[in-house]
Amino acid sequence: MAEDAKTGEAKTTKRGRKKAAEKVVEPQPTVEAEAIIEPAPTPTMPSTTRAKKDKAQTTAEFQESVREQIENARSEIITELQVTIQHEISEVMVRQAQKERRKRRWNALIHDLIILILLALVGYMGFCLYDAEYFDFLPKKCERDNSCQEIKDSGNNVSEIVKDTAWYKENYGYLFDELQLNLDPDGLDAHYLYSGDYRAGDIKPAYLLAMAYNRVAPTLGSNEISVSEDALKYAFIEVFGSLDNYARGSFRNGCLDFGYERSEGRYVAADTSCSTQGGRQILEQIDEIYEEGNALYFLTTATIYDPSEESFYTFDNPFRAAVTNVTKDDLNRNQARLNRYQYQFKKTDGQYYFDAIVKLK
């Protein structure tokens, strides 16, 4: 117990000393720390935090201000661009509208000019037709001034010329006669000419040369018939009015076959003994001749006549008789059952030139 008491006392004494020592030693550094450290942290820490907060707030406000300025500038730029584009589009549309108006104005002017020109041409053509007495319902010029084809003969008697078929046949019958080629009715040449409608320029050159040959005086040799190219060209112009459709080549007139000799510049037929007499033949007669304006018309009836059968044939069916038990003189009485044609001649500078042939039936 005593030892325990001593021991406890010793421990107490030691503890007490230790506490005393602690009490003595602790206050000195604490006081010194309070004297040195305490004043500094108290003012420093709160001021730095506020400064940071103030700086952060200032930066945020600056950024927000910059964003607002950028947004405002962007809005102003967009508005300016929209206004500028709209203004440019408006100017383009105005210019385009002005261009279209000018174009329509010119188109209308050209349209009016064309109409005026056409009206002038129609009026001029109408005047020409009227002056040429083309319209049958208008009184002729000579009827208006009482001078219709009246001439005085040697006995001072007044006589009137009636331009009927007989008068035209006497004065212009040669125009039709010069187109006759005396072709073989069973040959292809005859059926070519009598089977369709042709303008002069559409007829094959060989037939045109044969028609022009009717106007020349050929040179007769011992065993040939010839005509110079110059003579045939001159005759070609007299029949057709120009050399537009002239072409060198062979042609057939009647039973004569002509060929062109380039070295001599002439057309030559070697066989002069041929004959078209006997057998079937083409008959064509003039039924009527009349004049309209600047054109002269011949109406004809044509047929193939077979004297051995005493029959008429048409060019549409040359192998089946259209009329039987007839002679050549019966042609006029059978017009309705045979082919009919119209030959047209146009007047140019006072001369008539072959223009076309039309198959009427």
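What follows is a tour of a predicted model, stop by stop.

**Stop one: a positive patch.** Select Lys99, Arg101, Arg102, Lys103, Arg104 and Arg105, and you'll have a positive surface patch on screen. To get your bearings, look at lysine 103, which sits in helix H3, residues 41-131.

**Stop two: the salt bridges.** Side chains of opposite charge can pair when their charged atoms come close. How many salt bridges does the structure hold? There are 16, and we'll visit a few.

Start with arginine 215 and glutamate 178, whose closest N and O atoms are 2.5 Å apart in a salt bridge. This pair ties together distant parts of the chain, 37 residues apart: arginine 215 is in the loop between helix H7 (205-213) and strand E4 (219-220), while glutamate 178 is in the loop between helix H5 (165-177) and helix H6 (188-194). Buried or exposed? Glutamate 178 counts as buried because its relative accessibility is 16%, whereas arginine 215 is partly exposed at 25%.

**Stop three: strand to strand.** Pick lysine 347 and glutamate 291, a salt bridge with its closest N and O atoms 3.7 Å apart. Lysine 347 lies in strand E13 (residues 339-348) and glutamate 291 in strand E9 (residues 281-292), 56 residues apart. Lysine 347 is partly exposed at 33% relative accessibility, and glutamate 291 is partly exposed at 26%.

**Last stop.** Select arginine 252 and aspartate 257, which meet in a salt bridge at 2.6 Å, N to O. Arginine 252 is partly exposed, at 31% relative accessible area; aspartate 257 is partly exposed at 46%.

Methods. Residues numbered from 1 in each chain as written. Predicted model: local features only at pLDDT ≥ 70, side-chain atom pairs only at ≥ 80, totals over all residues. Heavy atoms only, no water. Patch = residues over 30% accessible without salt bridge, like charges linked within 9 Å, V, L, I, M, F, W, Y side chains within 5 Å. Areas by Shrake-Rupley, 256 points an atom, 1.4 Å probe, with all protein chains shown as cover. Salt bridge = Lys/Arg side-chain N within 4 Å of Asp/Glu carboxyl O. Lys, Arg positive; Asp, Glu negative; His and termini not counted. Charge placed at Lys NZ, Arg CZ, Asp CG, Glu CD. Helix = DSSP H or I, 4+ residues; strand = E, 2+ residues; numbered from the N terminus. Buried < 20%, exposed > 50% of the residue type's maximum accessible area, 1.4 Å probe, protein only.
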